[in-house]
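This report describes a protein chain and its local and overall features.

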Amino acid sequence: MSRYAVDPLTALQAKEQAQKLAFAPIAFQAAQSLRELGILAVLDDAGLTGLSAQQIAERSGVSEYGAKVLLDMGLSALIVTQDGDNYVLARLGHFLLHDAMTRVNMDFTADVCYRAMSHLTETIRSGRPEGLREFGDWPTIYEGLSRLPEKARKSWFDFDHFYSDKAFPELLQRIFAERPKTIVDIGGNTGKWSLQCCAHDEDVHMTIVDLPRQLALALDNAREHGFEARIHGHPMNILDDSQPLPAEADIWWMSQFLDCFSPMEILRILRRIRAAMRPDASVYILELFWDRQHFEAAAYSLNATSLYFTCLANGNSRFYHSKDMLDIVEEAGFVVAEQVDDIGLGHTLLRLRAG
């Protein structure tokens, strides 16, 4: 039975959760402030004995009022506990302070998504990423990535790379088992995957397909790492049918790329690749599917991030249910030669052959 088939809450529990949800944005900001003002670090140093509000204020440089009001919200949010007059860092507070995944997720939410999410209802009605106006006047966030404010840009790339980078070691072994000489990296972003491939195999040649402004950043990175002779650029908008794809490749690669498009756009992209590829070539899709996650927190995070795609990225894409993607793959004329789940932090790798 699906874990979503039965309502797990009693009426009293549901009402309690409703109140927590009503104030969730405030709790989030309190957690951010506790971390950014150094209060969690002060408590971490204090250990299990904890500190009084006055001691915390003195050591963090925050007023006693500020420390108390944040710490009391921290009690309600289970970030800290209280022993007599002393506050003590709870397990949740420890992860807010030390866990890399939590930090990346919170920074992405705070610096990229938070203000934009106030436009979500308008976005759903219009079908356009109305939250993007918080940053600039672009049709999608991808045209504006290089022009985001520094803090937002850093949090965006940290979030994107954190999940993909964890999958690289296993992916390199699987991809290069085919001994490819040429790989087309569609949506290559900063070029991290192409750099990894060139470092792994001294003979492979990469072609990155991306928007011109983003491609320029990737090629700068290639030159910086000494791979300018083996990493080539192919500037284009993948949705512009007048712009041709590269002609030759042993492998066509898309990592966390198709989730940036609507189902009909994915179908168009896959059909274009199907028409351009050699009959013996392989197509690899690396994606995060929310239904293929072992932990509820992972599915929750992916479904929340889908609303980033809605409100900021382009208004019509998301992290998909695996069945939805497999149906599109089949309609585009491909067969799934191999499907591997649980790569890195929950990725699924699909290897496709022309049907």
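In which helix is Ser-164 found? Ser-164 lies in helix H10, which covers residues 150–165; helices (H or I, at least four residues) and strands (E, at least two) are DSSP runs numbered from the N terminus. Ser-164 is buried, with a relative accessible area of 7%. Here buried means under 20% relative accessible area, exposed over 50% and partly exposed in between, for a 1.4 Å probe and protein chains only. When neighbours within four places in sequence are left aside, Ser-164 is in contact with Gln-256 and His-347, contact meaning heavy atoms within 4.5 Å.

## Basis of the model

The model is predicted: local features need pLDDT of at least 70 and side-chain atom pairs count only at pLDDT 80 or more, whereas totals for chains, interfaces and linings use all residues. Residues are numbered from 1 along each chain as its sequence is written, and side-chain values use heavy atoms, with hydrogens and water left out.

## Overall description

The secondary structure of the chain comes to 16 helices and 10 strands. Along its principal axes, the C-alpha trace spans about 70 × 50 × 40 Å. Of the 355 residues in the chain, 48% are buried. Among contacts with a separation of 6 or more, 67% are between residues 24 or more positions apart.

## Annotated domains

UniProt lists residues 17–87 as "domain: BVU-1015-like N-terminal dimerisation-like". Over residues 17–87, the chain is 68% helix and 11% strand, and the end C-alpha atoms are 25 Å apart.

UniProt lists residues 172–334 as "domain: O-methyltransferase C-terminal". Over residues 172–334, the chain is 42% helix and 18% strand, with end C-alpha atoms 23 Å apart.

## The E1-E3-E2 sheet

Three strands form an open sheet in the order E1-E3-E2, with antiparallel pairing; two strands pair if DSSP finds at least two bridges between them. Strand E1 (51–52) and strand E2 (80–83) stand at the edges with a single partner strand each, so one side of each has no neighbour in the sheet. E2 and strand E3 (residues 86–89) pair in the antiparallel sense over 4 bridges. Thr-81 has Val-88 in E3 as its bridge partner.

Helix H3 (residues 39–46) packs on this sheet and touches E1, E2 and E3. The direction of H3 makes about 95° with that of E3; axes are lines fitted to C-alpha atoms, for helices over the stretch in contact, and angles run from 0 to 180 degrees between N-to-C directions.

## Helix H2

Helix H2 (residues 24–36) has 13 residues, which at 1.5 Å a residue should span 18 Å, and its end C-alpha atoms are 18 Å apart, in agreement. The expected span of a helix is 1.5 Å times one less than its number of residues. Just after H2, Gly-38 takes a positive phi of about 85°.

The buried residues of H2 are Ala-27, Phe-28, Ala-30, Ala-31, Gln-32, Leu-34 and Arg-35. They pack against H3, helix H5 (64–76), helix H6 (91–98) and helix H7 (100–113).

## Strand E8

Strand E8 (residues 282–288) is largely enclosed by the rest of the structure, because 7 of its 7 residues are buried. In a regular strand the side chains alternate between the two faces of the sheet. Ser-282, Tyr-284, Leu-286 and Leu-288 point one way from E8, while Val-283, Ile-285 and Glu-287 point the other way. Strand E7 (residues 251–255) runs parallel to E8 and is joined to it by 5 bridges. Met-254 has Ile-285 in E8 as its bridge partner.

## Cysteines and an exposed arginine

The structure holds 0 disulfides, a disulfide being a pair of cysteine sulfur atoms within 2.5 Å. The sulfur of Cys-197 is 6.9 Å from the closest cysteine sulfur, in Cys-198, too far for a bond. Cys-197 is buried, with a relative accessible area of 0%. For Cys-260, the closest cysteine sulfur is in Cys-113 at 13 Å, also too far for a bond; Cys-260 is buried, with a relative accessible area of 11%.

Arg-179 is located in the loop between helix H11 (168–175) and strand E4 (182–186). Arg-179 is exposed, with a relative accessible area of 70%. The C-alpha atoms of Arg-179 and Asp-201 are separated by 9.1 Å, and these residues are 22 residues apart along the chain.

Note on methods
UniProt positions are given in the numbering used here, feature names are shortened, and annotations may be inferred rather than shown by experiment.
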